[in-house]
Amino acid sequence: MNALAEGKAPPSLATLPSDDIRQIMWRFADRYELHMLVQSARGVARGPVARLVAAGGRNSHEWTAEKNSLLQQYDESGITAAALEPEQGGYIAGPKNLALALLAFELAWVDAGAATGSLAGNLGLAPIHERGTPAQREKYVAGAAPLKPGESRKQVRAAFALTEPIPFVGVETKMLAGKVRVADWTAGGEPLLQVEKRGRFITNMGFANVVTAAVDSDDARIKGTCMVILEEGDPGIWDRGTPTKKLVHQLSSTNDPVFNLKVPASRIVGGYTLKDGVIIPNFSHSDIIEAVFRRTRVTVGLMTSAKLLSAVEPVILYQRRRFRGGEGAPGTPRYELGIQQKEDALHRLVDIWAAGEASASLGFAAARLFDELDPLEKEKDTFFAEKKLTGRAAFKELNRAQNEALELLRSNKTSDDLLVRFVMLDSLAGVLCPACKLWNTGNGATMMREAVSLMGGYGVTEECPGFLGQKWMDAQLEATYEGPEAVQRLQLSVMMANELFLAQFRLWILEMRSLAGERPGTGACALATAMRLWLWTLNHVQSATDADGSKLYHKTRQGVTFPLADALCWLLAARQFILDVVELETKGAANPALADGLDGTVNFFTDLCHVQSARAAGEVGRVCAEIVHGYNRHPVWDEKSCQACYRADELTSLEGVIPGIDGSARAYSDVSETGEDHPCKAGPCVGFGGLEGFVRLRAKLDGCLTGCRLAKDRAAESLTHVMTREALDYPV
Ligand SMILES: Cc1cc2nc3c(=O)[nH]c(=O)nc-3n(C[C@H](O)[C@H](O)[C@H](O)COP(=O)(O)OP(=O)(O)OC[C@H]3O[C@@H](n4cnc5c(N)ncnc54)[C@H](O)[C@@H]3O)c2cc1C
């Protein structure tokens, strides 16, 4: 018999979520090597990194000896080697997206500059990892492995140089000022290249000894763009430049370097072919950065999730202790609860927690998806190479696979076909990666501000427990580097319109509908309706025009495509959170360590899901309504006509204006189509000509919010008695 049937209050959250809970939710319960990685990264984050922050290590722009000492910590704890293949000195076999995501999460729990410093080394090597030749991988990627006892080689420390001084590369990655020319080329010998590159904001540049730099040809004997590997010690100029005066991530090193170096052509990432005396790089710089960023951006998104979740405990501790020592004695609400007596303070913390959970769920789902996709992508590349399929021929094959995948989805069948499996996952990865980078960091930065505000004046001091003030500002960098939000929105606006993604999205709506039946408390019902509303709007704008007859869905119309991209992110994050809570409920029961508190945690997370789904639904409703109605022109925009609308609202029953409240579309169309009893006949303000489906869904969406505030009240109540530690487990 459940608690309700027995007349007892259902169990609620007893303690903050443990590692066992996270391992189930983020699906690495059976991966012991990842448990170990999490523990060692946590040791570094909450030990040396936290001590350095607490000691004021963030107060300088220079790359100091203290900051440099963290590199050794990363090496000794296994953080550096986590990205490497076992044969290169690493210890994790297979794809490592989830591993690196967990690592970034743990480090960023304390300081995202530290996380960035460690990950930028991987970013510097990523062009070689993704597209390098075997010899390049052997030399540079394996060279990044920490030295074993007795070894005397110089360890590779890498940086990635794409961004250039204004007015060159930034968001627009094609405007390359960096140039490559042939410096010397003796007949039959390897060409020697002259590489000129200036960088702006290059991470790790205070100490890196290898740089992968994006450059364009300035020589008729070299075709197009490429990335080139530069080494400290190459003949010419290797100027690290001045440190950037950052307000953020000060535990990483960022400089504006200048290079003018001679390097052999074998340093072109991925190699080259010679044709009629012209060097043709096998990969353009765009090919390479696309392959690199689509993985590394996920880890950046998770850095902001870690910040939000790391804020929960310090805020609770602060709130509860706020009034101790005043008039209240132990045992009184004032003494025990402090600010937690106030509903708003609790509700805001619930919102922060829910946003943190949803963003972590989305980020880890994206990381896992790339772990699935990586081997398929390699198989696909091998398949194409064996069949000698390139360019149009390869595109045709992928197109065939896409059509087959669509057919399979329609008929609810699966396939073992390599390309079909690849295109299906790839269409999801193309959405989940930018969605997680965009939403986790952008909305995360906004929510971090909320967390800071809950700490009162302390929030904006260096002494703030959990370093929340710094984390707020840091979140803005995470929203900016590796492509700011505009870049992610651009990419999403293309990828979210892919039929194959949309076909899977439709199935997700059904999935949420069915979950809503089984677990109404999750808010899956509101989410499913919001998903339908979003899909309706996307379909609508693809053929609709604005009041002047201009197309709404167009790449230049960012006022339409970007908000729709944002709205999608809310849906994806809330959906994934629900799925993770279902996973916890389903699999958690099998873990004896969770026997005691599982039900309470599941109940609490279910309420958080409801809160987040309602918030997502509200956001989607607002965005979609603005787009659907906002591009129509009001017929007569004067006080008189608006007064007429108000009168009409009074005259018309609610059922008449908002169809779906009673399921009656007829009453609505009486008003909207004929305008018989309405003075604002053809006007879009109440005469929704042709938009009945939208209006009905939107009204339904409001109804689906039933219970969401009760869920928030319950979650808020849980926060007043959840057990915390006496103090944070890292210094302040
Ligand atoms: C601390 C730090 C570390 C960094 N590390 C590295 C590194 O290691 N390697 C590296 O190569 N780079 C690095 N960067 C650079 C970073 O990736 C760029 O700053 C970022 O990509 C944005 O480029 P930008 O600053 O030139 O912005 P801009 O290109 O000037 O864009 C500014 C803003 O204009 C708007 N905008 C621009 N283009 C569009 C568009 N097409 N549509 C709509 N809006 C648009 C957006 O709001 C955008 O945020 C780092 C930056 C910082 C601050």
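These legends go with several close-up views of a predicted model. Local features are kept at pLDDT of at least 70 and side-chain atom pairs only at pLDDT 80 or more, whereas totals for chains, interfaces and linings use all residues. Residues count from 1 along each chain as its sequence is written, and side-chain values rest on heavy atoms, leaving out hydrogens and water.

**View 1. Helix 10 crosses helix 11.** The axes of helix 10 (residues 391-410) and helix 11 (residues 418-454) come within 8 Å of each other and cross at roughly 80°. Axes here are lines fitted to C-alpha atoms, for helices over the stretch in contact, with angles from 0 to 180 degrees between N-to-C directions. Helices are DSSP runs of H or I with at least four residues, strands are E runs of at least two, and both are numbered from the N terminus. That makes helix 10 roughly perpendicular to helix 11 (the label covers 65 to 115 degrees; under 35 is roughly parallel, over 145 roughly antiparallel and the rest oblique). On the helix 10 side, the contact residues include Glu397, Leu398 and Arg400; on the helix 11 side, Leu419, Phe422 and Met424 are among them. Contact means heavy atoms within 4.5 Å. The residues of this contact split into 10 nonpolar, one polar and three charged; Ala, Val, Leu, Ile, Met, Phe, Trp, Tyr, Cys and Pro count as nonpolar, Asp, Glu, Lys and Arg as charged, and the others, Gly among them, as polar.

**View 2. Glu377 sits in helix 9.** Helix 9 spans residues 343-386. Glu377 is buried, at 11% relative accessible area (buried is under 20%, exposed over 50%, partly exposed in between, using a 1.4 Å probe and protein chains only). Setting aside residues up to four places away in sequence, Glu377 touches Arg294, Arg295 and Phe422.

**View 3. Phe605 belongs to the largest nonpolar core.** A core is a set of buried Ala, Val, Leu, Ile, Met, Phe, Trp, Tyr and Cys residues joined through side-chain atoms within 4.5 Å. The largest one has 178 residues, and Trp353, Phe505, Trp534, Leu564 and Phe605 have the most contacts inside it. Helix 11 gives the largest share of this core, 21 residues. Beyond its neighbours within four places in sequence, Phe605 is in contact with residues including Pro17, Trp353 and Phe577.

**View 4. Phe501 and Trp508 make an aromatic pair.** The structure holds 19 aromatic pairs. Ring centres of Phe501 and Trp508 are 6.0 Å apart with planes at 80°, so the pair is edge-to-face. Rings of Phe, Tyr and Trp (its six-membered ring) pair if their centres lie within 6.5 Å; planes under 30 degrees apart are stacked, over 60 edge-to-face and the rest tilted. Phe501 is buried at 0% relative accessible area, and Trp508 is buried at 12%.

**View 5. Some backbone spots worth a look: Pro167, Lys388 and Phe467.** Most residues other than glycine have a negative phi, and most peptide bonds are trans. The peptide bond from Ile166 to Pro167 is cis, with omega near 20°, and Pro167 lies in the loop between strand 1 (158-161) and strand 2 (179-184). Lys388 has a positive phi near 55°; this residue is in the loop between helix 9 and helix 10 and is exposed at 71% relative accessible area. Phe467 has a positive phi of about 50° but is buried at 2%, in the loop between helix 11 and helix 12 (468-480).
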